[in-house]
Amino acid sequence: MEWAARFSALVTRYQSTIRGLYYGHTHEEGMALMRSFEDPTVTVGVMLMPGSLTAYNGRTPGFRIFTVDEETKLPIDYDQYRLNVSKWNEVHEGQIEWEIVYTFLDEYSLEDMSLKSIDAMVDRFVDDNDLVNTFQLNIHTGTWKY
């Protein structure tokens, strides 16, 4: 069994315990659905990737701050921060300021971060070009530079 299949089987088995799947070092902001090992039509988790603090390959540095439900420990929302490197390279003084560029729920018109809501958002990609463009721009950290 390959690594991805084993990981999927573990996430499927412990989906009621796992509170989130958080990743880094991708240099892109994004998310991906984790499908059930037993039934690939069932989403058992969402892999969340916040981007990077570096400006690697023309990307905009960024990070996320998650709001988490104290009782369930499930994510409720997150704020995506980015740094306008060009601006701060010109200023050369003062403390840099990270800007909140979006909150997840507002950016994608969601009521919550449940698997059901995120699945429905992904389903909207088929017919909603504006949503797809927003998602693609965010994957590329707010810039189309490569």
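Modeller: A residue is called buried under 20% relative accessible area, exposed over 50%, and partly exposed in between, with a 1.4 Å probe and protein chains only. This is a predicted model, in which local features need pLDDT of at least 70, side-chain atom pairs count only at pLDDT 80 or more, and totals for chains, interfaces and linings use all residues. Residues are numbered from 1 along each chain as its sequence is written, and side-chain values use heavy atoms, with hydrogens and water left out.

Biologist: Why is Arg13 called exposed?

Modeller: Arg13 has 64% relative accessibility, and the cut-off for exposed is over 50%, so Arg13 counts as exposed. Arg13 is found in helix 1, residues 3-13, where a helix is a DSSP run of H or I with at least four residues, and a strand a run of E with at least two, numbered from the N terminus.

Biologist: Why does Thr103 count as buried?

Modeller: Because its relative accessibility is 18%, which falls under 20%, Thr103 counts as buried. Thr103 is found in strand 6, residues 99-103.

Biologist: Which residues does Thr103 touch, not counting those up to four places away in sequence?

Modeller: Thr103 touches Asp77, Tyr78 and Asp79, contact being heavy atoms within 4.5 Å.

Biologist: What makes up the lining of the largest pocket, by nonpolar, polar and charged residues?

Modeller: The lining divides into 11 nonpolar, four polar and two charged residues, where Ala, Val, Leu, Ile, Met, Phe, Trp, Tyr, Cys and Pro count as nonpolar, Asp, Glu, Lys and Arg as charged, and the others, Gly among them, as polar. A pocket is an open set of points on a 1 Å grid over the protein atoms alone, where a 1.4 Å probe fits, with protein on both sides within 12 Å along at least five of seven lines, and lining residues have an atom within 4 Å of a point.
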